[in-house]
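Student: I'd like to go through this one piece by piece. Can we put it on the screen?

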Amino acid sequence: MSSLSRSDVANLARLARIDMSDSELDALSGELDVILNAVARVQEVARPDIEATSHPLPLKNVYRPDVVQPSLSNAEALSGAPASEDERFRVPQILGEEA
Amino acid sequence: MIRKSAVEMAAALAKGETTSLALTQAHLDQIAAVDGAVHAFLYVDTEGALAQAGAIDKARAAGEKLSPLAGIPLALKDVLTQKGVPTTCGSKILEGWRPPYDSTVVTNLKRAGIVILGKTNMDEFAMGSSTENSAYGPTHNPWDLTRIPGGSGGGSSAALAAFEAPLAIGTDTGGSIRQPAAVTGTVGVKPTYGGVSRYGLVAFSSSLDQAGPCARTVLDTALLHEAIAGHDVRDATSINAPVPQVVAAAKSGDVKGLKIGVIKELNGDGYQAGVRTRFDESLQLLAAAGAEIIEVSCPNFEYALAAYYLIAPSECSSNLARFDAMRYGIRVGDEAGASAESVMNLTREVGFGREVKRRIILGTYALSSGYYDAYYGSAQKVRTLITQDFIRAFEKCDVLVSPTCPTTAFKIGEKASDPLAMYLNDIATIPVNMAGIGGMSLPCGLAPEDGLPVGFQIMAPAMQDQRMYSVGAALEAALLSKWGAPLLSQIPALAGSK
Amino acid sequence: MSPVTYDEVLAKYEPVLGLEVHVELNTKSKMFCGCTTEFGGAPNTQTCPVCLGMPGALPVVNEKAIESTILIGLALNCSIAPFSRFARKNYFYPDMPKNFQISQYDEPICVNGYVDVAIDTDEGPQTFRVEIERVHMEEDTGKSLHVGGATGRIHGADYSLLDYNRAGIPLVEIVTKIIPGTGKYAPEVAKAYVAELRDILRSLGVSDVRMEQGSLRCDANVSLRLIGVETLGTRSETKNVNSLRSVERAIRGEMIRHAELLNKGEKVKQETRHFQEDTGLTRSGRSKEQAEDYRYFQEPDLVPVAPDAAWIETLRAGLPEQPTLRRKRLQSEWSVPDKEMAAMINADALDIVEATVKLGADPAKARSWWLGEISRLANEREVALTDLPIAPVDVAAIVALIAEGELTDKLARQVIEGVVAGEGTPAQVIAARGFKVVNDDSALLAAIEVACAAQPETAQKVRDGHLPAAGALIGIVMKETKGQADAARVRELLLQHLGHTI
């Protein structure tokens, strides 16, 4: 079983937007190794001919009609905002490029 | 009054022997008296509860037709949104957040006239089996305050055992209703997946989460089940069919000729001795009541825990991405020159606890390209195998049973540093969530070696929840006969308790 | 090194294209919740727990969006998947409330279609088949305002303000297979493809398809390979392409940019670039090499889509006429020369002319009014033809009145101005302004006599055979009749009066 290095975990932390300290990364990489070894056994029985379950119950085609419903008021929408301005959510400068 | 069942309280209300206001106040008083030690509640909505109670009393006086549980107080797990009331999910990252909308469960509770006393403690974002992962401190088991009340819904079950409320709502992803019920000597049910709306239930693992009723008796639980269950157009995964007749089933409690299957892989081998003993005794009682006990095998169950600890973290890594300090919740590190990205990173580092971070990273890994098939993909296949095992087993019997969990309540701190040991608490409950079927835990006695409650688990096929209630009611009645009084009458008195 | 010319690029390289078009559907409510999709709402007043991604909120699929997407797939000759699912595309960005986008991944709703586009080549008109890889559904993001920087763009901004009114608007993404073999016509093929898509979508009525408004967005992928080589070159993706003309320019520009790099022996970076309207060049954006791993997995909050086969056939039967076929048919019915047809299509006037013809107007006349006088007014006001407050019914009425002799061309122009100015219908304008063509010959003769009396020398000139001089006299008659005489009839009568036979 591949073991996770600290830089592997650091990469995952970056993907997950969590700012972890070095000691946290170290501790986590050890714990994850143990857990991954334990859970890897799912591969023992996951044969190619077995279908994956995505939903516990066989529901399909659940829709709602194209009808407008009331929205939240601006105040309600912003009620939990850490910062707001001009009726909008205010967020710190975004470094990444717009999609 | 607070030691009665909800049914008894409802009768008293109907007869005019008491009012909802008095009943609610009595429970608020109990909370004030004991919750300092138990810490079941994160927020007590005194004003709101009394207002709700007053409104129900007024409606009753005006002769309006009321639901069976109208005016009865209830404790709500802090993972369900209630408009204007703090909802933290046991996490620092949502400290202070008051949702602008009600979950459907709360809408249904309000429609039934049930009085919501407040929000109960839980493992952070429902991840845990002991409520030790709450960012606000653990809840203490009313049977022994040095012990855990189970998790993730330890607060709700502890509130019931401490007589702080006769009704509670929990949520169950891998056993978070049933295992706390077992270790606190109360009843808890996870309905068939889709039976209760998830709209407003803060998601941990979307394909496994389910809200459910908790109480001290099977009938109380059934009444609460019918109050909250039903199709919801806001939840595309909710079942579009009538709510199963669980109250009728709980009242009948007839098991004559019923086939009860004991799952070989979950029959108590290797579990705490007292747990095994009580489980076997309960089987005998059910047999004496006319049921046929047979043995079935579900060989793929040994992979259930592994699959669960891949699926749940994967889904949660995505579900918890929304907590980024931009629209709600706490924000950390927003100084001059900070970027949105650094604020997100810092907030999530500070706002999430260790177990949550562990599962997010695990889930991120399991979903990442190159690993998907080996981990998440394989786990979803194991799910199919477990479902098939259940289907085969249910061909031979009407319900399946097992001890709810391998041990009684352990000491706070005992397993906190060993995640894998902690995960093993859910070994008997997890298969139920994987297959999406219904599961109930009810108290079946105290373990002789430590005098702590043991839970008996009943599992029913998907959309046949009523079977759990008939078998549960039958066992409860038989045990009541044996004990002479409900199990909770044996609970040590809490200092200050009313 | 001198810049490479387009011809030089083509001498050495072959372009390969890939086009991704996003379409905003015109449903009344959002993709996964009931918030309205109407434009122009005050910020954050068209949101709810679902489209804000609040804890506990759940998506539910808009039925009309499914129908629209299937229609699009059918119109693009795709197969409709009997079973498709939604997936989560996981990445963090403040304009995406859940920090994942609900989209479709390995199970899209429509696959394997094609669109035939016509382009003009040196050898004459040619048809090119663009193959469609997939059509799938997803949700749009919120909109950010970047505050503090010089340009309002994200670079150098101090902070941003988010409005989530547009978060959750239904989007359909149409992805082509790679498009080789276009050679020097790559820009034209791309432009024609987007134009054709736009016309098809408009005919289906599923979107406003206004590129300037963002309801139709195009991302262009371009790569070059040496002629005769199989291996594909590295591609760049260009976004912010907001008009058909920009599609053409962007592709041409990228082909040249790639060639310049490759000629120098440098590598083309796999990256996202932004098209800049003013320069026609692209600017580097996010590097795709550090692209996030999106960790796609099936959306657990939604159940699979399995459209009923009978329903699909009903939708197929109800598909409107293919735009290309419709254009051919109209051109033939109206006997329009190719160049004029192209002009009408370029001016986006086909629908409006057809509507006018349907109301009884002669096609040639309808065309000439719409593309002539009315287009002039539209250009003056800098609006689109269809945005002018004059409708096919008005133009049809005017054409009819002219045919009946009730209006002259000159008067008609004034009537049009009146209608556009908001004075009412043509009939109302005519009544209000007192327009009435003077048809009465005796009235005309009276005016003619007045004119001849006013300019006897000119009248004599005409009598003597100097016919062009009649113009001055006609002018006086027109003035006399307040311009309400039919100039041609006046000329006839005048010449007769002055002794000439017509």
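Student: Leaving aside neighbours within four places in sequence, which residues is B:Phe390 in contact with?

Tutor: Before that, a word on the source: this is a predicted model, where local features need pLDDT of at least 70 and side-chain atom pairs count only at pLDDT 80 or more, while totals for chains, interfaces and linings use all residues. Residues are numbered from 1 along each chain as its sequence is written, chains are lettered from A and ligands numbered from 1 in the order in which they are written, and side-chain values use heavy atoms, with hydrogens and water left out. Contact here means heavy atoms within 4.5 Å. On that basis, the partners of B:Phe390 are B:Ile263, B:Phe301, B:Leu400, B:Pro431, B:Val432, B:Ala435, B:Ile437 and B:Met459.

Student: Which residues touch the most other members of the largest nonpolar core?

Tutor: A nonpolar core is a set of buried Ala, Val, Leu, Ile, Met, Phe, Trp, Tyr and Cys residues joined through side-chain atoms within 4.5 Å. Buried means under 20% relative accessible area, exposed over 50%, and partly exposed in between (1.4 Å probe, protein chains only). In the largest core, which has 243 residues, the ones touching the most other members are B:Phe125, B:Phe390 and C:Tyr193.

Student: And which helix gives the most to this core?

Tutor: Helices are DSSP runs (H or I, at least four residues), as are strands (E, at least two), numbered from the N terminus. With 11 residues, the one giving the most to this core is helix H3 (residues 186-204) of chain C.

Student: How far apart are the centres of domain 1 and domain 2 of chain B?

Tutor: Chain B splits into domain 1 (6-300 + 383-490) and domain 2 (302-380), with bounds that come from an automatic or database domain assignment. Their contact takes 33 residues from domain 1 of chain B and 28 residues from domain 2 of chain B. Taken over C-alpha atoms, the centres are separated by 27 Å.

Student: What about chain A: are H1(A) and H2(A) roughly parallel or roughly perpendicular?

Tutor: The axes, lines fitted to C-alpha atoms over the stretch in contact, have angles that run from 0 to 180 degrees between N-to-C directions. For helix H1 (residues 6-15) of chain A and helix H2 (residues 22-39) of chain A, they come within 9 Å and cross at roughly 105°. Angles under 35 degrees count as roughly parallel, over 145 as roughly antiparallel, 65 to 115 as roughly perpendicular and the rest as oblique. So H1(A) and H2(A) are roughly perpendicular.

Student: Is C:Glu254 buried or exposed?

Tutor: C:Glu254 sits in helix H4 (residues 244-263) of chain C. Not counting residues up to four places away in sequence, C:Glu254 touches C:Val222, C:Ser236, C:Thr238, C:Arg273 and C:Thr282. With 0% relative accessibility, C:Glu254 is buried.

Student: Where is B:Ala126, and is it buried or exposed?

Tutor: Phi of B:Ala126 is near 70°, a positive value in a residue other than glycine. Most residues other than glycine have a negative phi. The residue B:Ala126 lies in the loop between E3 and H5 of chain B. Its relative accessible area is 5%, so B:Ala126 is buried.

Student: Which peptide bond is cis?

Tutor: Look again at chain B, where B:Ser152 lies in the loop between strand E3 (115-120) and helix H5 (154-161). With omega near 10°, the cis bond runs from B:Gly151 to B:Ser152.
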